[in-house]
Amino acid sequence: GITGVELQSNSPSDYVPNLTTAVRKKADLVIAAGFLLAADTNTVAKKYPNTHFAITDYDVTGTPFNGRKNVMGLTYAANESGCLVGYLAAEMAKKQGGKQIIGAVGGLKIPPVDIWIAGYQYCAKKAVPGTQVLVDYSQDFVAADKCKTLAENQIAKGAKVLFQVAGGCGLGTLKAAAAAKIWGIGVDKDQYNDAKRVMTSGVKRVDNGVYQAIQKAKLGGFKKGGNLLFNLKNGGMSVGKINPAVPKAYVKL
């Protein structure tokens, strides 16, 4: 019974016009898709206090929202999924022998990217002490060539597994890994079929978050000025398909 209106922003200058258009179309709930929309979402939410807003990947208890009552945050414990793929990365690097080096190529250096990498680093080093984790940022989520260049640099330094945390740009990381015949790890969605030699993916179930936000706006329970947290336990985070080349001993079935 939900009618959806999808508005695509091709540049940051489209954020306020699109958010405002959604309100003017009498949306009961306006969902801002991502951390970078926070400031503009706050501006529009302040102007339209009777409309419900939700934003993915942002803690609305802090600035700029400061607990604004008509805004709900959809936050994700991406460090938990990052931990699992980091464990697999370290074990697969160890299996190959030689220097214990893995890498991560992020997009913009912002919290929703850093949280993935933090979990990846932490659990890789827990799984195999002494693991070296190379980290670079493309400062881009679109241009695949930028991520490909960083990935190739990490491969030249001995990285045996690469985790992409850069959206569309990260396809360059996965393809560089495939070309070098090492393992790549996808992000956000299951990217098993997006390139050859994808070991697995860290998956963020944004669909589950959006579903719950809509449900709460419609049926009651909208978390005014607070956050919903999505993690492994409640199905908000997960791991994608795991390549059969990964030994079953590394995977708890």
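Me: Is Cys169 buried or exposed?

Reply: Start with its relative accessible area; under 20% counts as buried. In this predicted model, Cys169 has a value of 0%, so Cys169 is buried. Cys147 is buried as well, with a relative accessible area of 0%.

Me: Which residue does Cys169 form a disulfide with?

Reply: Look for a pair of cysteine sulfur atoms within 2.5 Å. Here the sulfur atoms of Cys147 and Cys169 sit 2.0 Å apart, and the two form a disulfide. Cys147 belongs to helix H5 and Cys169 to the loop between S6 and H6, so the bond ties together parts 22 residues apart in sequence.

Me: How many disulfides are there by this rule?

Reply: Two. Cys83 is joined to Cys123, S to S 1.9 Å. That pair links distant parts of the chain, with Cys83 in helix H3 and Cys123 in helix H4, 40 residues apart.

Me: Which disulfide is left-handed, and why?

Reply: Check the torsion about the S-S bond. For Cys83 and Cys123 it is about -85°, so this disulfide is left-handed. For Cys147 and Cys169 it is about 115°, so that one is right-handed.

Me: What does helix H6 pack against?

Reply: Begin with its buried residues: Gly172, Thr173, Leu174, Ala176, Ala177 and Ala178. They pack against S4, helix H5, S6, S7 and strand S8. Just after H6, Lys181 takes a positive phi of about 60°.

Me: How many residues are in the largest nonpolar core?

Reply: It has 36, and Phe163 is one of those with the most contacts inside it. Helix H3 gives the most to this core, with seven residues.

Technical notes: Residues are numbered from 1 along each chain as its sequence is written. This is a predicted model: local features need pLDDT of at least 70, side-chain atom pairs count only at pLDDT 80 or more; totals for chains, interfaces and linings use all residues. Side-chain values use heavy atoms; hydrogens and water are left out. A nonpolar core is a set of buried Ala, Val, Leu, Ile, Met, Phe, Trp, Tyr and Cys residues joined through side-chain atoms within 4.5 Å. Buried means under 20% relative accessible area, exposed over 50%, partly exposed in between (1.4 Å probe, protein chains only). Helices (H or I, at least four residues) and strands (E, at least two) are DSSP runs, numbered from the N terminus. Contact means heavy atoms within 4.5 Å.
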